[in-house]
Amino acid sequence: MPKVVSRSAVSSSTDAQPTASSAAALRVYYCICGEFILVIDKSLATLPRRKTDNAIIIRAQDSDAGKARVFKLNAVSGDPVLLERQGGHERQYRFHCPRCSLAIGYQSSPPPVKSSPYFYILTGALTQMQGQVPQDAFDGANDS
Ligand SMILES: [Zn+2]
């Protein structure tokens, strides 16, 4: 099956413009149940992680340390959770999948999303494949 190429990607120039091509680099992530959850301008695999719970860190607001990531979250907010951390407590405002209500991430202030400097994605909560087996799942198993 040939891949369908969007006509919007066709340009008169073959030179990629870094600022204009950001839309083409958007990544889409799904809940394990298949529900669309997140679209973001960078792969989650390349983002830093928290030392405390290994959650993926998404910068949600511009600061001196860097610019905010461009992302959109499709999730419903849940009750805040109070966790014990070394040296104190941490309040997490959780966000859940709208279909199966699995917790997919959190931030440190009440909704809406991006009201905190960072948004955190729980490790293992999201996948880039929607009901598909990854292409490399059978690597080395088909020597036909
Ligand atoms: Zn779900």
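This is a guided tour of one protein chain, stop by stop, for a viewer.

The model is predicted, so to read it note that local features need pLDDT of at least 70 and side-chain atom pairs count only at pLDDT 80 or more, while totals for chains, interfaces and linings use all residues. Residues are numbered from 1 along each chain as its sequence is written.

**Whole chain**

Start with the whole protein in cartoon view. The protein has zero helices and nine strands, where helices (H or I, at least four residues) and strands (E, at least two) are DSSP runs numbered from the N terminus. Along the sequence the pattern reads β-β-β-β-β-β-β-β-β. Of the 144 residues, 17% are buried. Here a residue is buried if 20 or more other C-beta atoms lie within 10 Å of its own, exposed if 12 or fewer, and partly exposed in between, with C-beta atoms placed from the backbone.

**The five-stranded sheet**

Next, select S3, S8, S7, S6 and S5. These strands form an open sheet in the order S3-S8-S7-S6-S5, with antiparallel pairing. Two strands pair if DSSP finds at least two bridges between them. Strand S3 (56–59) and strand S5 (76–85) stand at the edges with a single partner strand each, so one side of each has no neighbour in the sheet. From one strand to the next, the twist averages 30 degrees, taking axes as lines fitted to C-alpha atoms, for helices over the stretch in contact, and angles from 0 to 180 degrees between N-to-C directions.

Zoom in on S3 and strand S8 (residues 118–121), which run antiparallel and are joined by four bridges. Arg59 stands opposite Tyr118 in S8. Then move to S7 and S8, an antiparallel pair with two bridges. Here Gly105 is opposite Ile121 in S8.

**The four-stranded sheet**

Now select S4, S2, S1 and S9. This open sheet has the order S4-S2-S1-S9 and antiparallel pairing. S4 and strand S9 (126–127) are the edge strands, each pairing on one side only. Two bridges join S1 to S9, which run antiparallel. Look for Tyr30, which stands opposite Thr127 in S9.

**The nonpolar core**

Show side chains for Ile37, Leu38, Ile104, Ile121 and Leu126. These residues have the most contacts inside the largest nonpolar core, which has 21 residues. Such a core is a set of buried Ala, Val, Leu, Ile, Met, Phe, Trp, Tyr and Cys residues joined through C-beta atoms within 7 Å. Two or more residues each come from strand S1 (27–31), strand S2 (36–40), S3, strand S4 (71–73), strand S6 (88–96), strand S7 (103–107) and S8.

Centre on Ile121. Leaving out residues up to four places away in sequence, Ile121 touches Leu44, Ala55, Ile56, Ile58, Ile104, Gly105 and Leu126; two residues are in contact if their C-beta atoms, placed from the backbone, lie within 7 Å.

**Last stop: Ile40**

Is Ile40 buried or exposed? Ile40 counts as buried because it has 22 C-beta neighbours inside 10 Å. Ile40 lies in strand S2. Select Leu26 as well: its C-alpha atom is separated by 5.4 Å from that of Ile40, 14 residues apart along the chain. Not counting residues up to four places away in sequence, Ile40 touches Leu26, Arg27, Ile58, Arg69, Val70 and Phe71.
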